[in-house]
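User: I should like to learn how to read the features of a structure such as this one. Please take me through them in turn.

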Amino acid sequence: MFSIRAKKRRDGFVLDVDIEVSAPGVVALFGRSGCGKTTLVNIIAGLLPADEAHIVIDGWALDKDGKSLLAEHRGIGYVFQDARLFPHLDVMGNLRYGEKRAKTRSVQNNENLRINPRRDAPRITLDVVAPLLGLEPLLSRRVHQLSGGERQRVALGRALLTRPRLLILDEPLASLDAARREEVLPYLEKLRDELAIPMIYVSHQFEEVLRLATHVVLMDKGKVLSQGSLDELSLHPELRAIVGPEAVGAVVHGLVESVDGGTGLANIRVGANVLRIHLREARAGAHIRAQLLARDIILATTRPDNLSVRNIMTGTIARIVPDDEDTELVYVDIGGASILSRVTRAASVALDLRAGLQVWALVKSVSIRGHAFVEGPARQQPAI
Ligand SMILES: Nc1ncnc2c1ncn2[C@@H]1O[C@H](COP(=O)(O)OP(=O)(O)OP(=O)(O)O)[C@@H](O)[C@H]1O
């Protein structure tokens, strides 16, 4: 899908990255403040010259004969923290600006831009983008009459209408409060699931990465620490130092097998086990992603009975690593997926936990609520 090699020296800071992403979707650039995320996306967008760079998006190189393309010829849409809308135009005017840019570029490049890797993805026009982002009621509003979340949705729409090969979102929710972030996130999920435009999403909020990413690039001090699927990266030992011990937990993917009409619990196959979760939007056949926080997973060495907990998974301990002074992180293979449990060292010794031991991993449905999300077109319209 795309490959990015870039080097840049800025005062005491050195960016040196090599990123390869072969599948379409959302690539999250994740890392602490100051690790170089914005420097990197500015280089990709052509807003900052690199010392060395070779970037290829969907077979299209952003340099030719040793010269890098100007930002306006790159076919990259950019959404910043602040929406940067044109205040003298209404919402429709801002969106039309995006459309005009797409046409100019198409003529300049003398080509009919092919942007959607998925055959069934719709052509990006105002008629598609306005309902997708819930912009129809806002079209005649002026910029000062919009909330922060609405502004970001308009900025997204404008960027999409330039029909980019790649959409860069640099902390697009950072200036919003929690309620507004919740309002915009479902729209970003819809973009990922319905338009299939490659996106680079910069964030230092793991919750956003959990909701949106298909591929994660973990950055530290200008370097790529690790890159891979969200599931793989959720198990990375370095993540703890970035997200904090309470947010450590494996991300798993699952398939909704059925929803119990009586209890409202969805039965979700994850590896060799079935999780039961209350998930309002779940329909049979839908795919979900969920984070199982390490602090919420209880381990037992015999099959427990007569418990209120709805989820009892069987698995085998893969390895145990020290966590903090008194705790350990236990990696459990549950057949096709891995989960993490944080246990006290005292419990680990008492239960004689060790690699290869069969265990039962318990988690309450209510602990997963709020950490599980439906993926794909099966999701309902966001409620606004
Ligand atoms: N204009 C500049 N001149 C010199 N150094 C800069 C400049 N802008 C940023 N830097 C430095 O480059 C490094 C990377 O900054 P960058 O903004 O890319 O990080 P970031 O991961 O995006 O951080 P944040 O999440 O806070 O936005 C930092 O050490 C920063 O101080």
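User: Which helix gives the most to the shell around the ligand?

Analyst: Helices (H or I, at least four residues) and strands (E, at least two) are DSSP runs, numbered from the N terminus. In this predicted model, helix α1 (residues 37–45) gives the most to that shell, with 3 residues. The shell consists of Arg10, Asp11, Phe13, Gly31, Ser33, Gly34, Cys35, Gly36, Lys37, Thr38, Thr39 and His204.

Residues are numbered from 1 along each chain as its sequence is written. As the model is predicted, local features need pLDDT of at least 70 and side-chain atom pairs count only at pLDDT 80 or more, while totals for chains, interfaces and linings use all residues.

User: How many residues of each class are in the shell around the ligand?

Analyst: Ala, Val, Leu, Ile, Met, Phe, Trp, Tyr, Cys and Pro count as nonpolar, Asp, Glu, Lys and Arg as charged, and the others, Gly among them, as polar. The shell has 7 polar, 3 charged and 2 nonpolar residues.

User: Which domains does the chain have, and how many of their residues are in contact?

Analyst: Domain bounds come from an automatic or database domain assignment. Here the assignment gives domain 1 (2–243) and domain 2 (249–375), and their centres, taken over C-alpha atoms, are 33 Å apart. Contact means that the C-beta atoms of two residues, placed from the backbone, lie within 7 Å. By that criterion, 8 residues of domain 1 meet 12 residues of domain 2. On the domain 1 side, α6 (206–212) and α7 (230–234) each supply at least two residues, and α7 has the largest share, 3 residues.

User: Which residues touch the most other members of the largest nonpolar core?

Analyst: In soluble globular proteins, nonpolar side chains tend to be buried together. A nonpolar core is a set of buried Ala, Val, Leu, Ile, Met, Phe, Trp, Tyr and Cys residues joined through C-beta atoms within 7 Å; buried means that 20 or more other C-beta atoms lie within 10 Å of a residue's own. The largest core has 106 residues, of which Ala28, Tyr201, Val217, Ile288 and Ile339 touch the most other members. Helix α4 (residues 148–161) gives the most to this core, with 6 residues. Both domain 1 and domain 2 give residues to the core, so it lies between them.

User: Where does pLDDT stay under 50?

Analyst: pLDDT is the predictor's confidence in each residue, from 0 to 100. Residues 110–118 stay under 50, and residues 380–384 are also below 50. Where pLDDT is low, the predicted coordinates should not be read in detail. The chain has a mean pLDDT of 89, with 93% of its residues at 70 or more.

How values were computed. Buried ≥ 20, exposed ≤ 12 C-beta atoms within 10 Å, placed from the backbone. Near = placed C-beta within 6 Å.
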